[in-house]
Amino acid sequence: MIFAPRSCPSRPGFAITTRIFPATVSQYMSVKLTVVGCSPAWPNPGGAQSGYLVEGPGRLLLDCGPGVLARLREENGWPRVDAIVVSHFHLDHWGDLVPWVWGTMAGPGREKPQPLLWLPPGGARRLRELGSRLGFEEMFERTFELHRYDEGTAFEAAEGLTVTAMRLPHYTLQTYGFRVSNGQRTLAYSGDSGPSDRLAELARDADLFLCEATLERGELDGLPRGHLAADEAVAAFEASGARRLLITHRPHELPLDGKLEQAFDGLELEV
Ligand SMILES: [Zn+2]
Ligand SMILES: [Zn+2]
C-alpha cells in the first residue's frame, strides 16, 4: 500500500494522507507459487526435481533440483531469481546449482545479478567440499551470494518474503522445512520429512501447506523415518490448521486419492 500526501481542498495548507491503490497493489500483496519441479528422488517421466518459485514481490526459489534450471530458462533465457533457499543436501534439492555455476561463468548467466543463496548451518563449507570435487572449491561462492540461515530465526530471503526454517526429521541428514510469508499470506513447505509433530507446527494456520508424500505406505520407509505417506501428510495438515494442502514429491507410479490436491510441474497458484 502506498500513502501519498495531497492537499486538503477544504482546509488549504493542510495535507491529508490518502491511500492509493494502484492496479498492481493486489498483486503486490499476494504470493504466487509456481511448481517448477516436484519429482521425488528420481525424476518422474519428463519431470524436474524439487523447485518451487515463490513470488511476492521478490522471486524466491525453494530448492533447486535437477531439471529446475532448464524449466526456469524457458521463461526468460536465464532465471530471474533473487534468491534460492536450500532445504538440505540431497541432490534432488540442490543439484542444478552446479550447471547454474557453469552457465554463469561461461554462458547466458554472465553479467546477470548474483542470486542470494541461503544455506543451512555448515552449508557453505559443504559447498566448498562439493566444489572441490565437481569443479573448483570457490565455484558456488563466485556464482551466488552465500548466506546462512538458522533454525527459528526469521530472515528476509528475498524482497518482502520472510522465511523461517524449522528442523525436520529426514533419515540422519540435517534437513529443514520453511515457512514463507509476505506478511499477508503464508506458505509452508515440508521439504523432505518423516512424520513429526513439527510438521503441524511448521504449517500452523498457513494458507497453503506444500507437503511431501513420497511413500506408498509409512511402514515401507527406512529407520529412522525420512519421508511421508499420503495419509501421514494429511494427518500433519489436519493437525496444523492450514487452509489448503498440496501434496508434492510424489512418484508418478503412486497416484493419489482423487480428493487430494497434487502438485505437478508448471502448476501456478495464488497462495
Ligand atoms: Zn527429496
Ligand atoms: Zn531428501
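Me: Where is Tyr171 placed?
Reply: In this predicted model, Tyr171 sits in the loop between strand S10 (161–168) and strand S11 (175–181).

Me: What is its phi?
Reply: Phi of Tyr171 is near 50 degrees. That is a positive value in a residue other than glycine.

Me: And is Tyr171 exposed, partly exposed or buried?
Reply: Tyr171 counts as partly exposed, because it has 16 C-beta neighbours inside 10 Å. Being buried takes 20 or more, and being exposed takes 12 or fewer.

Me: Switching to Asp63. What is phi there?
Reply: Phi of Asp63 is near 65 degrees. Again the value is positive, and the residue is not glycine.

Me: Which loop holds Asp63?
Reply: The loop between S5 and helix H2 (68–76). Strand S5 covers 59–62.

Me: New topic, peptide bonds. Is the one from Gly56 to Pro57 cis or trans?
Reply: The bond from Gly56 to Pro57 is cis. Its omega is near -5 degrees.

Me: Where is Pro57 found?
Reply: Pro57 is in the loop between strand S4 (51–55) and strand S5 (59–62).

Me: What kind of peptide bond joins Leu223 and Pro224?
Reply: A cis peptide bond joins Leu223 and Pro224. Omega there is about -5 degrees.

Me: And where does Pro224 lie?
Reply: Pro224 lies in a loop too. That loop runs between strand S13 (208–212) and helix H7 (230–240).

Key
Residues are numbered from 1 along each chain as its sequence is written. Chains are lettered from A and ligands numbered from 1 in the order in which they are written. This is a predicted model: local features need pLDDT of at least 70, side-chain atom pairs count only at pLDDT 80 or more; totals for chains, interfaces and linings use all residues. Helices (H or I, at least four residues) and strands (E, at least two) are DSSP runs, numbered from the N terminus.
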